[in-house]
Amino acid sequence: MVAEDFLQDPQIRGWLDGVEPAWTLLTFESLRALRREPSAVQTAIRIANDLSVGETAASPVARNTLILLRQAIERSGLSLTATANLSRAVVAEMRKLIEWPNYDQADAFRFNKVINEPDFLPLHVVRQLAQAATLVRAQRGKLVATPLGKSMLSEQGSLLAILFHLAFWHMDLGYFGRGLLGSWPQADVGVVLWSLSICANDWQTTEKLTRLCTIPEPAMFSETWDRTPYAMEAKILRPLLWFGLLEHRSEKIPSGRFGEHHFYRKAELFERLLAFDVQVGLSEGARH
């Protein structure tokens, strides 16, 4: 086990409220290994690059990236604005093609007279990821597919691995949390992912998963209200839902007119995409 003294801090004990974090099962060496970016030599986390077409299609991010690539190829490029976003005409067409979990276009756009790319979050996410992965590039005012991007249409096995690695280790997911709590908890995403692998077999609330799977930091306790579940959901849980690794459901809060409890659990794709090579100090098992 790790961090026994660390977890005796009164603020942390109060925040945990009796929950024992999953990562305390790990040996110190395994905890350190999970905090490193996966690579050919850092193998505590392995990301599968041999998914089937059906498995790739189970990921909204991968599925819609393929749609973007096909559109870029079939239309000989997609028009860009002066700010390098896709044009409104392209956005209007892509709105008919893109489906996204827990995203209601009618609700999202009810106050928008015009829809630009950044207004349509699913397209904005997919376009940024595809461009960062060099699957598409800007060329003479258009977004065009690169040779790598074209190859993904027939060789899809590694697509999700490329996009997943890029998103969680190289992009700032704080964008989705509006900068809430800085880089926390993405900075320890490997620890969070391993913890989810043993804690999210059944439905768990966002609040419970936050305490089970993240390493607390002093900045978390600088405000009078607990911001950690919002940061966890915005930067980790919701993106994992977009990638197809988690499932989501919600329940109305009985005591009030507004608000919901959000629950997440692992999807089948989670264990197909991710594997872990770590050691635990106790018998490994689900934590509740």
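## About the model

This is a predicted model, with local features needing pLDDT of at least 70 and side-chain atom pairs pLDDT 80 or more, while totals for chains, interfaces and linings use all residues. Residues are numbered from 1 along each chain as its sequence is written, and side-chain values use heavy atoms, leaving out hydrogens and water.

## The α10/α11 pair

Helix α10 covers residues 189-199 and helix α11 covers 206-213 (helices are DSSP runs of H or I, at least four residues; strands are E, at least two; both are numbered from the N terminus). Their axes come within 9 Å and cross at roughly 120 degrees (lines fitted to C-alpha atoms over the stretch in contact, angles from 0 to 180 degrees between N-to-C directions).

On the α10 side, Val191, Val192, Ser195, Leu196 and Cys199 make the contact, meeting Leu209, Leu212 and Cys213 of α11 (heavy atoms within 4.5 Å). Sorted by class, that's 7 nonpolar, 1 polar and no charged (nonpolar: Ala, Val, Leu, Ile, Met, Phe, Trp, Tyr, Cys, Pro; charged: Asp, Glu, Lys, Arg; polar: the others, Gly among them).

## Lining of the largest pocket

α12 (228-243) and β7 (260-266) each give at least two residues to the lining of the largest pocket. The largest share, 6 residues, comes from α12. The lining has 13 nonpolar, 5 polar and 4 charged residues.
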